[in-house]
Amino acid sequence: MESTIVKSVDYNAYFGENHVVKNVNIEIPRNNVIAVMGPSGCGKTTFLRGINRMHELIPGATARGKIMLNNEDVMEMHPIFVRLKIGMVFQRPNPFPNLSIYDNVIAGYKLNGIKLPKADKDRIVEHSLTRVALWKEVKDSLTKKGSFLSGGQQQRLCIARAVAMEPEVLLFDEPTSALDPISTSTVEELFHELKKNYTLIIVTHNMQQAARVSDKTAFFYMGELVEYDVTKQMFTNPKDTRTQNYITGRFS
Amino acid sequence: MTNHVKYRIGKSAAFKGLTIVLAFACVVPLIFILIYIIQAGITKINWHFLTNLPKPVGETGGGIANALVGSMIIILVASVIAIPFGILCGIYLSENRKSRLAYWSRLCVDILQGVPSIVIGIVAYFWLVKPLGTFSALSGSIALAIMMLPIIIRSTEETLKLLPDSLREAGFALGLPFHRVVLKVILPCGVSGILSGVMLSVARIAGETAPLLFTAFGNPYLSCNILKPMQSLPLLIFNYATSPYNDWHDLAWGASCILLIWVLALNIFTKVMTRKWKVQL
């Protein structure tokens, strides 16, 4: 029996008057890849950003309900603590342009003012970059700036940066939509590796990607969680007609 | 080719020519001023000129050491006051774009930029010189700092606004508190733009005379006490150029030349540094 790591209870998110996520209840099991899909503007990204409390950084954004991480409500925790436990990777690769590749990986420690012995730093950098299959490509250019890498490499660098903090959950907001097909497949392969150690929640508007990489899929429509099931089940035998219509391409 | 197309090509060429001519016309006055001042001033400049005090009327020789040192001290103190205020205010404006306070301070900064320098000088006179009972370099520095503020604030704000939000988010997503996102992520990425604003504001006030007339006042002797009157290059130029003595005119020409070279060097230095420190996004 797999244990639940993240659970939302009646979670609602707003931008001012605009109700974008409506009463979402979802249980996310540990060491799984969860795909969150749905048409544009369905609230999937907002929900994802609610999990690590990035949502509230936007002026006018509010949220109601609970997001439980290991049975603790993240809304009651300090956001900084939440974000250390729940890492995030964004749509566009955003390495820190002023830092080297090495410093980008340990940015979570360095920029937070956490002092580590050199040996620990080296170990974290190598370990994190190996996890994202980037070590071999960059091990001779660790002192170069992060922006010197290609888009796909930058995105893996950003994943390494999140992994380096040893979070429990990793959130991905359409992580491959700015990447070319080859980089996309590299990142997708990573998901299989990463789920051994982390729980992955991936927002994607690409159904094939959801089908390829995820164990369970959540389908959002108009701010509601319409259906949430094992991916195979969802794609072969959807229960809701809206899910069926979306999967069969009757609307997007 | 039809005539119509030929006509359009001709019109395009004429327009292009016009922009080139006008662009050139903008450069010409500057070049003439440069040549004129350098011609008149460069011969006066030598080591003696830079290291000696002005001589009384009738004696030949003499230099502008007091004005050089004074200008440097006054500008340094003004920078120490204006730079932290300006950068912090710029950070606030760029990070809180829509707040009411940001709206009003932005408006105030814009108005402050348009306030004539002589008015700032008079205000400094009534607020600082009169209560303190004496002209002082410090009051001059404060007047100049007020003039620097809008330039630093707006350039900081504009620089930071241009940085993508994804950078801030990358910082927040790693659990950085706001002050660390600003100090460790935003500022280092915008450092070249902010510095260029700071340097331009220094270049801008280096030649400011009006605010110093009622504050630093001028001093024929070398003084390093910022609570006492102090000489500065623009003041020296103003006083000596309007005097009836030829020796003093020479001194004013030399000082003008020095001031010009100083401002020019600052601008070039800023350009080079901005390019070098620019963070490739």
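This is a predicted model: local features need pLDDT of at least 70, side-chain atom pairs count only at pLDDT 80 or more; totals for chains, interfaces and linings use all residues.
Local features are reported only at pLDDT of at least 70 and side-chain atom pairs only at pLDDT 80 or more, while totals for chains, interfaces and linings use all residues. Residues are numbered from 1 along each chain as its sequence is written, and chains are lettered from A and ligands numbered from 1 in the order in which they are written.

**Exercise 1. Describe the elements and the overall extent of chain B.**

Step 1. Begin with the elements, where helices (H or I, at least four residues) and strands (E, at least two) are DSSP runs numbered from the N terminus. Chain B contains eleven helices and zero strands.

Step 2. Turn to the dimensions. Along the principal axes, the C-alpha atoms of chain B fill a box of roughly 70 × 65 × 30 Å.

Step 3. Consider burial: a residue is buried if 20 or more other C-beta atoms, placed from the backbone, lie within 10 Å of its own, exposed if 12 or fewer, and partly exposed in between. Of the 281 residues in chain B, 39% are buried.

Step 4. Examine the contacts, a contact being two residues whose C-beta atoms, placed from the backbone, lie within 7 Å. Among contacts in chain B with a separation of 6 or more, 75% join residues 24 or more positions apart.

**Exercise 2. State how chain B is divided into domains and how these domains meet.**

Step 1. Bounds of this kind come from an automatic or database domain assignment. For chain B, the assignment gives domain 1 (3–42) and domain 2 (48–277).

Step 2. The centres of domain 1 and domain 2 of chain B, taken over C-alpha atoms, are separated by 32 Å. Their contact takes five residues from domain 1 of chain B and five residues from domain 2 of chain B.

Step 3. For residue classes, Ala, Val, Leu, Ile, Met, Phe, Trp, Tyr, Cys and Pro count as nonpolar, Asp, Glu, Lys and Arg as charged, and the others, Gly among them, as polar. The side of domain 1 that touches domain 2 in chain B has four nonpolar, one polar and no charged residues.

**Exercise 3. Characterise the packing of H3(B) with H6(B).**

Step 1. Two packed helices are described by the angle between their axes and the distance between the axes. Here axes are lines fitted to C-alpha atoms, for helices over the stretch in contact, and angles run from 0 to 180 degrees between N-to-C directions.

Step 2. Helix H3 (residues 65–95) and helix H6 (residues 137–162) of chain B have axes that come within 6 Å and cross at roughly 35°.

Step 3. The crossing of H3(B) and H6(B) is right-handed; a crossing is left-handed if the near helix is turned anticlockwise from the far one by less than a right angle, and right-handed if clockwise.

Step 4. The contact of H3(B) with H6(B) comprises 22 nonpolar, seven polar and two charged residues.

**Exercise 4. Is Ile142(B) buried or exposed, and which residues does Ile142(B) contact?**

Step 1. Ile142(B) is located in helix H6 of chain B.

Step 2. Ile142(B) counts as buried because 21 C-beta neighbours lie inside 10 Å.

Step 3. Apart from neighbours within four places in sequence, Ile142(B) is in contact with Ile81(B), Ala124(B) and Leu128(B).

**Exercise 5. Identify how chain A meets chain B and where H7(B) packs.**

Step 1. The contact between the chains takes 21 residues from chain A and 20 residues from chain B. Helix H2 (79–85), strand S6 (86–89) and helix H4 (107–110) of chain A each give two or more residues to the side that touches chain B. The largest share of that side, three residues, comes from H2(A).

Step 2. By class, the side of chain A that touches chain B has twelve nonpolar, seven polar and two charged residues.

Step 3. In helix H7 (residues 165–173) of chain B, the buried residues include Leu167(B), Arg168(B) and Phe172(B). The buried residues of H7(B) pack against H2 and S6 of chain A, together with helix H8 (178–206) of chain B.

Step 4. Just after H7(B), Gly175(B) has a positive phi of about 80°.

**Exercise 6. Which residues other than glycine in chain A have a positive phi?**

Step 1. Most residues other than glycine have a negative phi.

Step 2. Among the exceptions is Asp10(A), with a phi near 45°. Asp10(A) lies in strand S1 (residues 4–15) of chain A and counts as exposed because 11 C-beta neighbours lie inside 10 Å.

Step 3. Asn23(A) has a positive phi of about 45°. Its place is in strand S2 (residues 18–29) of chain A, and Asn23(A) counts as partly exposed because 15 C-beta neighbours lie inside 10 Å.
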